[in-house]
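Let's take a friendly tour of a protein model, looking at its rings and one of its strands. Keep the sequence and the 3D view side by side as you read.

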Amino acid sequence: MTTVPKRKHIGQRRQSAAAPANETSRRRPDLRPQHFLGLKDSTLVATDTLLQIKDTVIDTIESRAMSVIYGDPGLGKSFSTRATIQEMNPDLILPLDFARSRPGPKDLREELFHQMRLNCKMPGTPTAFDKLLRESLPRRPYVIVCDEAQQYRRENFEFLRKLWDNCDPQPAIVFVGGREAYETLQSDPALASRIYIRLEILAMTEDEILKTVPDSHPVWRGVDEALLKRIDTQYALGSFREWVKVTKHVLKGMEHLGAGTVDETVVEWALGRC
């Protein structure tokens, strides 16, 4: 099920209060959208995926709701979410990102504590910790962003659901992840009933490829549409991430072959390395 809210605009990003430099660098993750493989000269394109994710995030925040953005890997879910929250006050964004796989509720509690920069001793028991979070979250319009949510255990979703239920006013919570995250949320009636928007991200269609790829990187401008269709059908299959890989190999191929433009020979060389 895909729910696409109406287009909305994000307000001007506000200046946040300065935090000590060592605390900011130690605790705050880099929330900027990162181009896969560090591809230079890439351009952020206002695709339907980006616009739908932007609308979903904004609507969830305005409604202080819980929503899920899900789909297969490499379709731009995390990138577009990060691009959206870049326009918001960073001190209100609480990103629950973890280097380790399969984090538990203890990890979520501690990360929320650090992200809110609470000026007190970390509680020693779950009960005391949850009480502190319930008291602290309503003080500001926080947005909890749970990326890679397919790695979450069921008890993580249940912990966040109970936390959301017992805050007044409630924080906005955005889950971003693979289909496993969506299936876990849907399998529990208490969780499923609280999801405000379910946005499924799908691979780009052929028409979207022809509109998006030439604008995403200078190397594709003016390239024959038949070549773009061939690359997508033979390899990329509408995936943003796979198109970045192809672009990287095409640039290497042009350098290796001494080509000034993307042609059949360059494409053959690039696809042979994918």
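Phe 113 and Phe 129 are both buried, where buried means under 20% relative accessible area, exposed over 50% and partly exposed in between (1.4 Å probe, protein chains only). Trp 220 and Trp 243 are buried too. This is a predicted model, in which local features need pLDDT of at least 70, side-chain atom pairs count only at pLDDT 80 or more, and totals for chains, interfaces and linings use all residues. Residues are numbered from 1 along each chain as its sequence is written, and side-chain values use heavy atoms, leaving out hydrogens and water.

Rings of Phe, Tyr and Trp (its six-membered ring) pair if their centres lie within 6.5 Å; planes under 30 degrees apart are stacked, over 60 edge-to-face and the rest tilted. The count comes to 5 aromatic pairs, and here are two of them:

| Pair | Centre to centre | Angle between planes | Type |
|---|---|---|---|
| Phe 113 and Phe 129 | 5.9 Å | 90 degrees | edge-to-face |
| Trp 220 and Trp 243 | 5.4 Å | 85 degrees | edge-to-face |

Phe 113 lies in helix H4 (residues 105-115) and Phe 129 in helix H5 (residues 126-136), so their pair ties together parts 16 residues apart in sequence. Helices (H or I, at least four residues) and strands (E, at least two) are DSSP runs, numbered from the N terminus.

Now for strand E1 (residues 66-71): 6 of its 6 residues are buried, so the strand is largely enclosed by the rest of the structure. Met 66, Val 68 and Tyr 70 point one way, and Ser 67, Ile 69 and Gly 71 the other.
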